[in-house]
Amino acid sequence: MAQTSPILRFALEILQHGLENYASDTPRHRKVAVLHLAQAVELAIKAALIERNVPIYEKNGSRTINTHEALTSLAKLWSLDRAGFSRAGRTAGR
């Protein structure tokens with residue numbers, strides 16, 4: 001059986017916890033769910049980069065790259081013009 005990266009395993013745990021919170025009836029749990037889902041996506045993206053031997057740490061090595069930088073790196077790996085959401089049609093102040 002193939003080894004699953006610790007980062008991907010944690011991303012899946014956070015995803016599960018986020019979905020459990022989302023299924024709750026309280027607004028507080030739903031807010032936490034959104035945060036957990038965002039973190040799960042970020043970690044899954046970084047796990048994909050690590051799998052392809054792309055560094056996820058900033059040049060000084062003190063912290064990991066942000067989500068935008070990770071999406072840009074992933075887009076390059078997949079030969080895409082851009083990964084992530086499009087800002088087309090958005091108005092200022094949103």
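Analyst: A salt bridge is a side-chain nitrogen of Lys or Arg within 4 Å of a carboxyl oxygen of Asp or Glu. Side chains of opposite charge can pair when their charged atoms come close. The model is predicted, so local features need pLDDT of at least 70 and side-chain atom pairs count only at pLDDT 80 or more, while totals for chains, interfaces and linings use all residues. Residues are numbered from 1 along each chain as its sequence is written, and side-chain values use heavy atoms, without hydrogens and water.

User: How many salt bridges does a search of the whole structure find?

Analyst: The search finds 2. In one, Lys46 pairs with Glu42, their closest N and O atoms being 2.8 Å apart. Both residues lie in helix α2, 4 residues apart, about one turn of the helix; helices are DSSP runs (H or I, at least four residues), numbered from the N terminus. Glu58 also forms a salt bridge, with Arg63, at 3.2 Å between the closest N and O atoms.

User: Is Lys46 buried or exposed?

Analyst: Buried means under 20% relative accessible area, exposed over 50%, and partly exposed in between (1.4 Å probe, protein chains only). Lys46, at 5%, is buried, whereas Glu42, at 23%, is partly exposed. Arg63 is exposed, with 52%.

User: At what angle do helix α2 and helix α3 pack?

Analyst: Axes are lines fitted to C-alpha atoms, for helices over the stretch in contact, and angles run from 0 to 180 degrees between N-to-C directions. Helix α2 (residues 27–51) and helix α3 (residues 67–77) pack at about 45°, with their axes 10 Å apart.

Notes:
Helices (H or I, at least four residues) and strands (E, at least two) are DSSP runs, numbered from the N terminus.
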